Structures are given as C-alpha cells and as structure tokens.
Amino acid sequence: MIVGIGLASRASAEEVEQLVRDLLSRHGLPFPPGAIATRTRFATDPRVALGCPVVGIDDDELLAASPPVSRRRGLPAQVARTAALLAAGPGGRLLEPAGRSRYATAAVARPAQGRPAPRHRSERER
C-alpha cells in the first residue's frame, strides 16, 4: 500500500504517525505501509519518516494531476490523494477519501496488481 501525506507547517510527527496508523487500521493493513508519497519538499522531513521508503512527487506533477481545490494557502492541490495515486501508478486506486487530522491529511492507494514498489526520482529510504 502507498500512503499519500499532505502536511501543514504545524503538523507534528506524532500527529502524522497516528493518522497513518488509524487509516491503515481501518482497512486491516499493517504499519508501516509499503511507501509514503508526499511533496518532494517533504521527502526528507522527519515527520514522514515512518520506517518505509518515501516517494517525493514534484509540485508541478501534483498540480497537474489533482482535482481543483479552492485553497488559498499552501499548494492548491489535494496532496495526499494525488500523491498516493501517482505513486501507485496506472491502475492504482484509493481505498477511501483522504483522512484528516488537525494539520495533516493521508490517503491510502493500492497499486495495480503485480506493480512493483514505487520508484521516483526523489525516493528516499526512511
């Protein structure tokens, strides 16, 4: 499974981990996930260091693939949802709409069957 994560500057590592654990638990999935997908600028952020590879997705890719949003602050994209789907690749699908905590969002995507682990130019082992 790929978990997409969107962060606000006030999000804590504990908040992000709990959100991901809760989301995976709802689907009977183990922690840590197979990979985390997020904005490239957060790929080395300790708040997303959850014991699995982290795939950084460039903002231009997120903006191009995201449904429109009305957000005035931050990146005007559905980061968690879009990052998870981009990392899952063609045929990937979301398990549910993004989950939210106070300062973070997370979404779980299942790659198409038989698809290898995600690879992206900004991937970092965490």
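Visitor: What is the relative accessible area of Asp59?

Guide: This is a predicted model, in which local features need pLDDT of at least 70, side-chain atom pairs count only at pLDDT 80 or more, and totals for chains, interfaces and linings use all residues. Residues are numbered from 1 along each chain as its sequence is written, and side-chain values use heavy atoms, with hydrogens and water left out. Residues under 20% relative accessible area are buried, those over 50% exposed, and those in between partly exposed (1.4 Å probe, protein chains only). Asp59 is partly exposed, its relative accessible area being 25%.

Visitor: Which residue forms a salt bridge with Asp59?

Guide: Side chains of opposite charge can pair when their charged atoms come close. A salt bridge here requires a side-chain nitrogen of Lys or Arg within 4 Å of a carboxyl oxygen of Asp or Glu. For Asp59, the N to O distance is 2.8 Å, and the partner is Arg39.

Visitor: How many residues apart in sequence are the parts that the pair of Asp59 and Arg39 ties together?

Guide: The salt bridge joins the side chains of Asp59 and Arg39. Since Asp59 belongs to helix 2 (residues 59-65) and Arg39 to strand 2 (residues 35-39), the parts tied together are separated in sequence by 20 residues.

Visitor: Is Arg39 buried or exposed, and with which residues is Arg39 in contact?

Guide: The relative accessible area of Arg39 is 12%, so this residue counts as buried. Contact means heavy atoms within 4.5 Å. With neighbours within four places in sequence set aside, Arg39 contacts Gly56, Ile57, Asp59, Leu62, Leu75 and Val79.

Visitor: Which residue forms a salt bridge with Glu96, and where do the two partners lie?

Guide: The closest N and O atoms of Glu96 and its partner, Arg26, are 2.8 Å apart. The pair ties together parts 70 residues apart in sequence, because Glu96 lies in the loop between strand 4 (93-94) and strand 5 (99-100) and Arg26 in helix 1 (residues 13-26). Glu96 is partly exposed at 22% relative accessibility, whereas Arg26 is exposed at 52%.

Visitor: Which residue meets Arg47 in a salt bridge?

Guide: The structure holds four salt bridges. The N to O distance is 2.8 Å, and the partner is Asp45.

Visitor: Which residue lies over the face of Phe31?

Guide: A charge sits over a ring if NZ of Lys or CZ of Arg is within 6 Å of the ring centre and within 35 degrees of the ring normal. At 3.8 Å from the ring centre of Phe31, the residue over its face is Arg21.

Visitor: Which peptide bond is cis, with omega near 0°?

Guide: Most residues other than glycine have a negative phi, and most peptide bonds are trans. Pro32 lies in the loop between helix 1 and strand 2. The cis bond runs from Phe31 to Pro32.

Visitor: What is the order of the elements from the N terminus on?

Guide: The protein has three helices and seven strands. Helices (H or I, at least four residues) and strands (E, at least two) are DSSP runs, numbered from the N terminus. The order is β-α-β-β-α-α-β-β-β-β.

Visitor: What share of the 126 residues is buried?

Guide: Among contacts with a separation of 6 or more, 61% join residues 24 or more positions apart. Of the 126 residues, the buried share is 44%.
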